[in-house]
Amino acid sequence: MSEEVRPKSGVEEIVGESPALREALASAKRLAQSDAAALIVGERGSGKELFARVIHRTSARRHNSFVKVQVATTARELLESDLFGDQKGAPTDAPTGKIGTLELADKGTLFLHDVAQLPLHLQAKLISVLNRGEIKRSDTRAIPVNARLIAATRHDFKELVSKNRLHQDFYDQLKASFIQLPPLRERREDIPLLTQYFVRKFARRVNRKIEAVPSETMDALLDHSWPGNVEQLENFIERSVILTTAGSELQAPLDEL
């Protein structure tokens with residue numbers, strides 16, 4: 001590990017050389033060439049937001065805002081005003097209007113994480129607004145919006161439609177423009193590259209010199225199922241770097257796997 005470890009995919013922070021990763025990255029680059037609404041499907045921790053940012057950064061919108069809405073952690077009663085904004089006095093007698101994330105993402109990208117948690121009527125309203133290219137609020141003029149929508153979910157989106165958790169209009173908009181991200185267990189050949197990348201990243205952060213990953217540690221990492229995917233591996237390596245107190249080898253708490 002004496003040389004700088006760099007991402008192997010050609011895109012900053014996306015590390016790996018596996019065919020599955022390359023296919024997903026190629027899909028992201030293709031989607032970046034259009035303004036069509038897109039859906040990223042992948043397990044928890046597989047890198048959905050990272051891929052959304054890749055699409056944004058390699059698109060014509062890259063010089064404008066990338067605005068993220070964490071749907072699952074936003075109170076349902078606030079989602080509508082967060083997305084579409086409010087006119088003066090609504091909904092809580094506010095003295096000034098509220099600008100929604102759609103307006104903030106004008107000429108840029110709106111990323112909806114956990115889109116399956118968005119109520120169906122808001123899904124329909126969102127698609128309608130994006131198709132019209134404007135927001136209409138009561139007692140105000142129409143407000144132009146030109147945001148590119150990228151949604152993400154860890155669920156099969158066809159199953160979401162069948163369970164009435166994804167609006168049919170959403171399905172129709174997204175079915176031709178989606179990326180399926182591979183779980184880490186299906187791209188194990190990327191684990192050594194990811195491990196080296198994260199070791200270097202966190203060792204620099206704590207000003208620590210770590211030259212090698214012991215073979216028994218790497219074997220354990222390769223054998224693990226990683227249900228939390230790349231995010232789980234990153235967190236594990238960060239903790240390992242913090243726990244490494246002496247010598248030049250990574251001291252990983254393998255009993256925690």
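1. How many helices and strands make up the secondary structure of the protein chain? In this predicted model, the secondary structure of the protein chain comes to 10 helices and 7 strands. The protein chain has 257 residues, and 46% of them count as buried. Its exposed surface comes to about 13200 Å², of which carbon and sulfur atoms supply 46%. As for how the chain folds back on itself, among the contacts between residues at least 6 apart in sequence, 71% join residues at least 24 apart.

2. The largest pocket deserves a paragraph of its own. The space within the largest pocket is about 730 Å³, and 29 residues line it, with G45, G47, L50, E231 and E234 lying nearest its centre. By residue class, the lining of the largest pocket divides into 13 charged, 11 nonpolar and 5 polar residues.

3. On the question of where that lining comes from, three helices, α2 (48-57), α8 (191-205) and α10 (229-243), each supply at least two residues to the largest pocket. Of the elements that contribute, α2 gives the most, with 6 residues in the lining. L50, one of the residues nearest the centre of the pocket, falls within the span of α2, which runs over residues 48-57, while E231 and E234, also among those nearest the centre, fall within α10, which runs over residues 229-243.

4. Helix α9, which covers residues 215-223, has T217, M218 and L221 as buried residues. These three lie on the same side of α9, because they cover an arc of only 95° around the axis. On the other side of α9, by contrast, S215, E216 and D223 are exposed.

5. A last point concerns S65, which is found in the loop between α2 and β2, the strand of residues 66-70. S65 counts as partly exposed because its relative accessibility is 35%, a value that falls between the 20% limit for buried residues and the 50% limit for exposed ones. S65 and A147 are 82 residues apart in sequence, and their C-alpha atoms are 9.3 Å apart in space.

Terms used. Residues numbered from 1 in each chain as written. Predicted model: local features only at pLDDT ≥ 70, side-chain atom pairs only at ≥ 80, totals over all residues. Heavy atoms only, no water. 1 Å grid on protein atoms, 1.4 Å probe; cavity = no way out; pocket = protein on both sides within 12 Å on 5 of 7 lines; lining within 4 Å. Points joined across faces, edges and corners; volume = space filled by probe spheres on them. Helix = DSSP H or I, 4+ residues; strand = E, 2+ residues; numbered from the N terminus. Nonpolar A, V, L, I, M, F, W, Y, C, P; charged D, E, K, R; others polar. Buried < 20%, exposed > 50% of the residue type's maximum accessible area, 1.4 Å probe, protein only. Arc of directions from axis to C-beta. Contact = heavy atoms within 4.5 Å. Areas by Shrake-Rupley, 256 points an atom, 1.4 Å probe, with all protein chains shown as cover.
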